[in-house]
Amino acid sequence: MFASLKNTAFAAAATIIALPAVAEEVNVYSYRQPELIKPLTDAFTAETGIKVNVAYLKKGMIERLQAEGARSPADVILTVDISRLAGVVNAGLTQPVESETLAANVPAQYRDPENHWYGLTTRARIVYASKDRVADGEVTTYEDLADPKWNGRICTRSGTHAYNVALTSAILEHHGAEETQQWLEGVKSNLARKPQGNDRAQVKAIWAGECDISIGNTYYMGKMLSDDEQKAWADSVNVIFPTFENGGTHVNVSGVAMTKSAPNKDAALKMMEFLTSPKAQEIYAEANFEYPIADGTEAVDLVKGWGTFTPDAVNLMTLAGQRDAAIKLIETVDFDG
Ligand code: FE
């Protein structure tokens with residue numbers, strides 16, 4: 001009798017022990033592509049046992065989070081561009097995350113002073129210059145792009161694209177509205193054709209002889225070099241890191257934030273700490289030819305080979321704050337018209 005009770009109790013205990021623990025999960029809304037995110041989420045799951053569910057979005061993250069409200073499954077958001085990060089923060093859809101690990105992993109320049117977002121990688125917005133038609137040292141500053149010597153020689157994507165809005169916001173921060181409008185008018189009058197296509201299409205246009213310089217993000221050099229058709233475009237240009245006359249080279253970030261309603265807060269924090277770790281930053285940066293930001297981390301050799309630069313010191317949230325004013329000026333000069 002006793003023995004049988006004991007056995008039953010033992011069996012019950014064994015059953016409880018054998019029950020799988022409730023699996024931890026974290027849900028991610030990402031504007032970044034699966035090929036960038038998957039290696040990191042796989043590594044995170046392997047290290048922590050936490051399952052990661054990712055919804056890859058092309059647009060409408062703010063609207064979706066707003067519509068879902070407190071019932072949103074999203075814990076973490078991943079995106080590029082400071083105006084997109086600031087947009088989600090300013091819409092009240094994130095929460096501050098205090099963590100010694102996060103603060104140690106991400107230099108102060110690349111995280112929100114209020115701790116609502118943390119940067120993971122940076123990219124510089126630079127000049128691609130024809131190897132044949134642009135001499136060394138011919139372009140050194142962003143301001144110089146408005147110089148009439150470039151008349152009919154510049155190609156760029158739309159002025160209202162987030163990348164160009166951020167660059168214009170930086171000009172605005174350095175020089176004020178009046179000079180920024182003059183700069184936009186000057187660049188517009190130097191364009192070889194109306195703004196169109198993406199950053200790579202401008203390098204293709206240099207290769208084809210339509211223009212001599214273009215504005216683009218650094219990582220596209222790596223992407224073009226990795227593509228059989230586009231390699232010739234990349235081979236026709238030099239990468240130039242311009243600076244502001246009174247500053248450094250314009251950079252933008254990719255970053256991560258925790259949603260206000262995160263249902264899996266602990267797992268979300270673990271994931272943010274994992275993503276910002278120096279090792280993860282390097283993997284993430286390598287996948288898209290970007291720059292990791294933690295002290296002691298390095299870009300891959302190909303990226304380092306494009307040259308060194310000093311990132312402009314303007315605070316990124318300050319830039320985000322100039323976004324609306326920058327768009328207004330871009331529209332005032334009818335940049336794309
Ligand atoms: Fe891009």
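Guide: The model is predicted: local features need pLDDT of at least 70 and side-chain atom pairs count only at pLDDT 80 or more, while totals for chains, interfaces and linings use all residues. Residues are numbered from 1 along each chain as its sequence is written, and side-chain values use heavy atoms, with hydrogens and water left out.

Visitor: What is the mean pLDDT of the protein, and where does pLDDT stay under 50?

Guide: pLDDT is the predictor's confidence in each residue, from 0 to 100. The mean for the protein is 93, and 93% of its residues reach 70 or more. Over residues 1–15, pLDDT stays under 50, and the model has zero contacts beyond four places in sequence for them. Where pLDDT is low, the predicted coordinates should not be read in detail.

Visitor: How many helices and strands does the protein have, and what share of its residues counts as buried?

Guide: Helices (H or I, at least four residues) and strands (E, at least two) are DSSP runs, numbered from the N terminus. The protein has 14 helices and ten strands, and its C-alpha trace spans about 100 × 40 × 30 Å along the principal axes. Buried means under 20% relative accessible area, exposed over 50%, and partly exposed in between, with a 1.4 Å probe and protein chains only. Of the 337 residues, 52% count as buried.

Visitor: Which residues are the protein donors of the iron ion?

Guide: Donors are N, O and S atoms within 2.8 Å of the metal (3.2 Å for Na, K and Ca); water is not among the atoms, so sites may look incomplete. Here the protein donors are the OH atoms of Tyr 163, Tyr 219 and Tyr 220, at 1.9 to 2.1 Å from the iron ion. Along the chain, the donors follow the spacing Y-x55-Y-Y. Tyr 163 in helix H6 (residues 162–190) and Tyr 220 in helix H8 (residues 219–225) link distant parts of the chain, 57 residues apart. Both Tyr 163 and Tyr 220 are buried.

Visitor: Which residues of the largest nonpolar core touch the most other members?

Guide: A nonpolar core is a set of buried Ala, Val, Leu, Ile, Met, Phe, Trp, Tyr and Cys residues joined through side-chain atoms within 4.5 Å. The largest one has 99 residues, of which Val 26, Trp 117, Tyr 128 and Leu 145 touch the most other members. Helix H6 gives the most to this core, with nine residues.

Visitor: How many aromatic pairs are there?

Guide: A pair of aromatic rings is described by the distance of the centres and the angle of the planes. Rings of Phe, Tyr and Trp (its six-membered ring) pair if their centres lie within 6.5 Å; planes under 30 degrees apart count as stacked, over 60 as edge-to-face and the rest as tilted. By this rule there are five aromatic pairs. The rings of Phe 44 and Phe 274 have centres 5.3 Å apart and planes at 55°, so this pair is tilted. Phe 44 lies in helix H2 (residues 34–48) and Phe 274 in helix H10 (residues 265–276), so the pair ties together parts that are 230 residues apart in sequence. Both Phe 44 and Phe 274 are buried. Tyr 291 and Phe 309 form an edge-to-face pair, 5.2 Å centre to centre with 75° between the planes. Tyr 291 is buried, with a relative accessible area of 10%. Ring pairs link Phe 241, Tyr 291 and Phe 309 into a cluster.

Visitor: Which arginine lies over the face of Tyr 29, and which over that of Tyr 31?

Guide: A charge sits over a ring if NZ of Lys or CZ of Arg is within 6 Å of the ring centre and within 35 degrees of the ring normal. Arg 64 lies over the face of Tyr 29, at 4.5 Å from the ring centre. For Tyr 31, the residue over the face is Arg 84, at 5.7 Å from the ring centre.

Visitor: Is Asn 115 buried or exposed, and what is its phi?

Guide: Asn 115 counts as buried at 12% relative accessibility, and its phi is positive, about 65°, although it is not a glycine. Asn 115 is found in the loop between helix H5 (100–105) and strand E5 (117–130). Asp 334, in the segment after helix H14 (323–332), also has a positive phi, near 50°. With 45% relative accessibility, Asp 334 counts as partly exposed.

Methods: Contact means heavy atoms within 4.5 Å.
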